[in-house]
Amino acid sequence: MPHKTKRQKLASQNRREQVAKSPVEEPKHHVQPTAVTVFKQDFRKSLVVIAFITALEIITYFGTMYYHPR
């Protein structure tokens with residue numbers, strides 16, 4: 001097997017030192033949410049609001065159904 005050249009030895013030593021200095025770095029770029037995920041989040045929020053308003057209307061309707069002021 002051929003011996004490593006001086007340049008190869010220096011390159012491998014530099015790689016080892018870089019790994020020892022900074023083990024794992026997090027990616028610095030932020031992922032932008034796509035239009036589909038934004039739509040799904042907004043749609044889910046609007047469905048929750050609609051369900052809350054509908055439930056409130058049903059409760060007030062049946063709550064006042066048998067109330068007969070005389």
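Is M65 buried, partly exposed or exposed? With a relative accessibility of 33%, M65 counts as partly exposed (buried is under 20% relative accessible area, exposed is over 50%, and partly exposed lies in between, using a 1.4 Å probe and protein chains only). What you're looking at is a predicted model, where local features need pLDDT of at least 70, side-chain atom pairs count only at pLDDT 80 or more, and totals for chains, interfaces and linings use all residues. Residues are numbered from 1 along each chain as its sequence is written, and side-chain values use heavy atoms, with hydrogens and water left out.

**The chain overall**
- You'll find 2 helices and 0 strands here; both kinds are DSSP runs numbered from the N terminus, with helices being H or I of at least four residues and strands E of at least two.

**Surface patches**
- A patch takes residues with over 30% relative accessible area and no salt bridge, joining like charges within 9 Å and nonpolar side chains (Val, Leu, Ile, Met, Phe, Trp, Tyr) within 5 Å.
- A salt bridge, for its part, is a side-chain nitrogen of Lys or Arg within 4 Å of a carboxyl oxygen of Asp or Glu.
- I58, Y61, F62, M65 and Y66 make up a nonpolar patch, together showing about 590 Å² of accessible area.
- M65, one of that group, sits in the segment after α2 (35-64).
- K4, K6, K9, R15 and R16 gather in a patch of positive charge.
- K4 lies in the segment before α1 (6-21), and its 52% relative accessibility makes it exposed.

**Aromatic pairs**
- The count comes to 2 aromatic pairs, where rings of Phe, Tyr and Trp (its six-membered ring) pair if their centres lie within 6.5 Å; planes under 30 degrees apart are stacked, over 60 edge-to-face, and the rest tilted.
- F39 and F43 are stacked, because their ring centres are 5.8 Å apart and their planes are at 15°.
- These two are 4 residues apart in helix α2, so about one helical turn separates F39 from F43.
- F39 is exposed at 55% relative accessibility, while F43 is partly exposed at 44%.
- Y61 and F62 form an edge-to-face pair, 5.1 Å centre to centre with 75° between the planes.

Conventions: Accessible areas come from the Shrake-Rupley method with a 1.4 Å probe; for residues, only the protein chains shown count as cover. Lys and Arg count as positive and Asp and Glu as negative; His and the chain ends are not counted. The place of a charge is taken as NZ of Lys, CZ of Arg, CG of Asp or CD of Glu.
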